[in-house]
Amino acid sequence: MWMIKPPTEHPKESQYRPVLESLIPRDPMSRFNLQRSSPKDEFPNLDRNHTTMGRILNLHMYTRQFNRATESGVIFDDIIRPGLEDLGQSTGTKAVGCLAGDAQSYILFCDFFDRIIESYHGYKVTSNAVQESDFNYDNLKGGDDFDQAYALSCEVTAARSIEDYCFPTHCSRGERRQLLTLAKTVLEQLGEDLPGKLYSIDELSHESEDRRVVMESPPLSLIKIGVARDWPDARALWLSKDGTLAIWVNMEDHLKLVSYRSDACLQEAFKSICVNVQKLETLYKKLRHPFIWKPHLGWVVSSPAEVGTGLKASVTVRLLNVAENKGLDDILDRLRLQMEATSCPGIYKISNLQTIGFNEVELTQLVVDGVKLLIRMEKRLENNGGIDDLVPAQK
């Protein structure tokens, strides 16, 4: 009979083992006692789900993510819940169908988020890639010369998230209030160069002479994605006195800058965003709460549909004939743009779909060039002409 010799016991090892084991970080998932069945039993029904998440997610991927949790307690079901509440549409604007609960979500659930980003943006995330930024608005060519008979207005937005805080779908009341306190400090300093005023959501529930924004209840879009908890606690809107800039606090993201112009001068709207997002970045850094940035993802925000630059540039355009063209989807795909119907017939909002893989100037340039081309097409079609020679050969 073979005798197995017991392992040698070392007194010091026995003495210090508990100490060494206590230094090993605990798996966050071990802190929970979630009453859940197997991944197969918990897998959601995605039959009528038209989001990017619904197309990407399968049982194998769900099983791999099932027992993971970030340090702040975000589990995979939290990530995909927005896409289960809002199933998206089979036609029209693409819905991404998922939101990160914190910055660590993009790391822990990277095999899911990387595929979402690749499918939504057409951009493959790699570890050696670096997302570039360019806030030099002088590099933008055009944007101030749209045909006013077609281009009606424009808007540029930029989202940012603050280091060390969970994102709106997962943050606590305390975190949200701390973020508002930080924003008050920063916006007061921003007001030295650009005078403005901060309004709580309660103040926005009634009309006022010094602003035109009224918000009586949370928008349905916020309710569906789960960021309207404890409404209206610690949400606010800062408005510049000259009307060139608005900054939302604790809505879809920690901060969202919006520059809207009724004259469709995209160049000036872009300039306002570039100047003020850099000022905010400097002010937050001074408070030791920088914006979240990762080399391979760029500016990290809650939605994978906006990572990279966090920037969306849009122009509202009258396109009665182009909208009816059978090749429109292919044209938009080649221009890297998306087209969203408004409440007015024949009026559409044209914006960049991709936010990663290009810098801020390049993305805005895509919108400028694309809108000009679509207006040229509209004029041709009005005169019963063809547009085949105007369609780009490729992306």
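Predicted model: local features only at pLDDT ≥ 70, side-chain atom pairs only at ≥ 80, totals over all residues.
Nine aromatic pairs are found when the whole structure is searched. One of these is formed by Phe112 and Phe113, whose ring centres lie 5.4 Å apart with 65 degrees between the planes, an edge-to-face arrangement. Both residues belong to one aromatic cluster, which also contains Phe43, Tyr62, Phe66, Phe76, Tyr106 and Phe109. An interaction of another kind involves the ring of Tyr120, over which the charged end of Lys94 is placed at 4.9 Å from the ring centre.

Helix α10 comprises 21 residues, 266–286. The distance from its first C-alpha to its last is 31 Å, close to the 30 Å expected at 1.5 Å a residue. Arg288, which follows α10, adopts a positive phi near 60 degrees.

Leu320 is located in the loop that connects β8 (311–318) with α11 (328–335). Its relative accessibility is 45%, so Leu320 is classed as partly exposed. When residues up to four places away in sequence are not counted, Leu320 is in contact with Pro345, Gly346 and Glu378. The C-alpha atoms of Leu320 and Leu381 are separated by 9.3 Å in space, although the two residues are 61 residues apart in sequence.

Key. Residues numbered from 1 in each chain as written. Heavy atoms only, no water. Helix = DSSP H or I, 4+ residues; strand = E, 2+ residues; numbered from the N terminus. Buried < 20%, exposed > 50% of the residue type's maximum accessible area, 1.4 Å probe, protein only. Contact = heavy atoms within 4.5 Å. Expected span 1.5 Å × (residues − 1). Phe/Tyr/Trp six-rings, centres within 6.5 Å; stacked < 30°, edge-to-face > 60°. Lys NZ or Arg CZ within 6 Å of the ring centre and 35° of its normal.
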